[in-house]
Structures are given as structure tokens and as C-alpha cells.
Amino acid sequence: LHVVKIGGKVVDNEGSLESFLKSFVKVKGKKVLIHGGGKIATQVGLKLGVPPRMEKGRRITDRDTLEVVTMVYGGLVNRRIVAMLQGMGESAIGLTGADANLIQAKMRPKHPVDFGYVGDIEKESINVDMVQKILDLDLTLVLPALTHDGMGNLLNTNADTIAATFAIAMAEHFDVSLNFCFEENGVLSDYYKKTVVSKLDRPLYEQYEKDGVVFTGMLPKLQNAFNAKESGVKEVKIGHFQNLEDLMNDNQQGTTII
Ligand code: ADP
């Protein structure tokens with residue numbers, strides 16, 4: 001099973017999304033694609049008079065914002081991806097975590113920071129039986145960054161965390177590869193020279209964190225990546241969105257988490 005997460009900058013740009021999906025459909029086997037869509041949510045929110053509110057670089061999901069992310073992640077972006085896959089001859093189904101109770105989350109505690117309608121998940125949150133039934137239909141499953149709390153509320157859940165947790169839960173039953181695809185060729189040891197680290201272990205990551213070599217969104221992404229690798233996911237890679245097949249098959253491409 002291939003679990004693939006596509007980054008924000010890929011989703012935001014229709015040309016990038018198309019070239020990513022063209023490489024995605026070439027990958028054989030069962031596949032799950034996980035996406036967010038933060039920048040589009042910000043743009044649509046601004047049009048609707050719901051400006052983004054951030055706290056420590058993370059989006060606060062108040063009720064209005066939840067409506068926007070539901071429309072954008074679960075509607076616009078998810079349906080667009082599914083339609084594009086159909087156009088490329090791959091049958092896909094787009095579902096939120098609420099559909100068929102696929103992912104049930106716990107609303108994050110309101111202290112120390114109230115992030116609003118944000119859900120935290122663990123591997124038990126994933127409805128593995130239902131996922132297996134869907135995959136048995138030979139459909140590619142496309143999941144946005146939306147879960148639910150089982151009490152009637154949709155929740156915003158980080159897409160990297162969904163990808164890693166999903167991969168961990170499925171790894172108890174399948175060989176799973178987890179691929180984080182974004183606009184760089186991998187984790188860079190020099191952001192300006194674009195030098196890619198081909199193998200990354202925890203001690204090196206901790207050194208990079210101290211030295212400021214990895215920063216912003218790459219920090220939680222790598223936490224998720226190590227978590228997956230240490231919890232039974234066979235292969236965890238981070239690399240460019242355009243050559244997914246090469247990323248999966250070629251050890252020279254991208255960054256492998258070890
Ligand atoms: P996503 O693209 O999956 O939505 P983020 O934007 O949150 O994820 O995280 C990826 C970002 O991390 C990249 O766009 C890049 O700017 C940043 N980044 C920080 N440090 C590094 C690094 N050492 N190598 C590559 N990217 C890095």
C-alpha cells in the first residue's frame with residue numbers, strides 16, 4: 001500500500017497538481033492520497049470575509065474557519081483531485097474522515113492554546129476495516145485534512161499527521177510505503193545550494209533542528225516521518241512531487257528516513 005501526502009504548494013497550483021497526478025497514476029498497487037489546501041482556504045476565506053488567524057504559525061480553526069476548510073479541503077480540492085484522476089483513467093473516491101467513520105479524532109484541549117476545531121488522532125482513530133473494504137473495490141482513496149469527533153463535528157487535522165497515522169495503522173496489515181511529496185527534491189542540508197540529504201536518522205535530524213537547517217513546516221513533517229518509520233511503516237521518503245515513481249523506486253532520489 002502506498003500512502004502519499006501532497007504538499008500545500010502542489011495543491012495550490014493546477015499545473016503542479018496535474019504533473020503530480022500524472023506521476024501518481026503510473027504507480028501500481030493500492031494507493032491512498034492525502035492532501036490539505038491551506039493557501040486556497042486562505043484565499044477563499046478572504047473572499048468570504050474570514051481572514052486566517054494564526055498562532056505560533058498554526059491556523060486557528062474557529063467555527064467560520066471550519067466552514068471554509070470544509071468547503072475547500074472536503075469540497076473544491078478533494079473533488080478536483082478525484083475528477084482529475086478520473087480524467088487520467090484512475091478510479092478514485094474522495095471521502096472525509098467522517099465518511100464511513102474513516103477517521104475519528106479527539107478535539108484538541110483548549111489549553112494552553114485554543115486552536116478551535118482541531119482534531120488529534122492516534123492509530124486507533126483509523127477505521128482499518130473500512131479502509132480495506134474501500135481499497136478492495138480497486139479505488140484510490142483521496143482524503144482531505146478533515147476528521148470528525150463522533151459527536152457531530154468535523155475537525156481540521158494536519159494532513160502530514162493523517163498520512164503518518166494512517167500509514168502506521170495500515171502497516172499492521174500491509175507493507176506500507178509513506179511518501180511526502182513537495183516542491184523540493186528532499187530534505188535539504190543546505191537550503192540555498194539545494195543539497196539533498198539522501199538518508200536521515202534521528203540524531204542527524206536533531207542536529208539539523210539545533211542548527212536551524214530544518215525549520216517551519218519541515219519540523220512537524222519530520223516528526224511524523226520518524227514516528228511512522230519507528231512504528232512499522234516499511235519505507236518513509238520525502239521528495240519532489242514530479243517523479244513519484246523514481247522517488248519510490250530509486251534510492252538516489254529524495255530523502256529516506258532511517
Ligand atoms: P507541505 O508542503 O507538505 O504543505 P510545509 O510547507 O509545511 O509542508 O513544509 C515544507 C516546507 O518546509 C518547505 O516548503 C520548505 O520551505 C520548508 N523547509 C524547512 N527546512 C527545510 C529543509 N531543510 N529542506 C526542505 N524544506 C525545508
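Start by selecting P112, in the loop between β6 (106–107) and β7 (119–120). Now show the backbone from H111 to P112: the peptide bond there is cis, with omega near 0 degrees. Most peptide bonds are trans. Keep in mind as you look that this is a predicted model. Its average pLDDT is 96, and 100% of the residues score at least 70. For the complex, the predictor gives an ipTM of 0.97 and a pTM of 0.97.

Next, go to the loop between β5 and β6 and pick A100. Most residues other than glycine have a negative phi. Are these two exposed or partly exposed? N101 has 12 other C-beta atoms within 10 Å, so it counts as exposed. A100 has 14 within that distance and is therefore partly exposed.

Time for the sheet. Colour the strands and trace them in this order: β5-β8-β2-β1-β11-β15-β16-β14. Those eight strands form an open sheet with mixed pairing. Which strands stand at the edges? They are β5 (92–94) and β14 (199–200); each has a single partner strand, so one side of each is left without a neighbour in the sheet.

Zoom in on β1 (residues 2–6) and β2 (residues 31–35), which run parallel and pair over five bridges.

How many residues are around it? There are 15, and G7, G8, L188, G217 and M218 come nearest.

Last stop: R202, in helix α7 (residues 202–211). Is it buried or partly exposed? R202 has 13 C-beta neighbours inside 10 Å, so it counts as partly exposed. Finish by drawing a distance between the C-alpha atoms of R202 and S231: they are 29 residues apart along the chain and separated by 14 Å.

Key. Residues are numbered from 1 along each chain as its sequence is written. This is a predicted model: local features need pLDDT of at least 70, side-chain atom pairs count only at pLDDT 80 or more; totals for chains, interfaces and linings use all residues. A residue is near a molecule or strand if its C-beta atom, placed from the backbone, lies within 6 Å of it. Two strands pair if DSSP finds at least two bridges between them. Helices (H or I, at least four residues) and strands (E, at least two) are DSSP runs, numbered from the N terminus. A residue is buried if 20 or more other C-beta atoms lie within 10 Å of its own, exposed if 12 or fewer, and partly exposed in between; C-beta atoms are placed from the backbone. pLDDT is the predictor's confidence in each residue, from 0 to 100.
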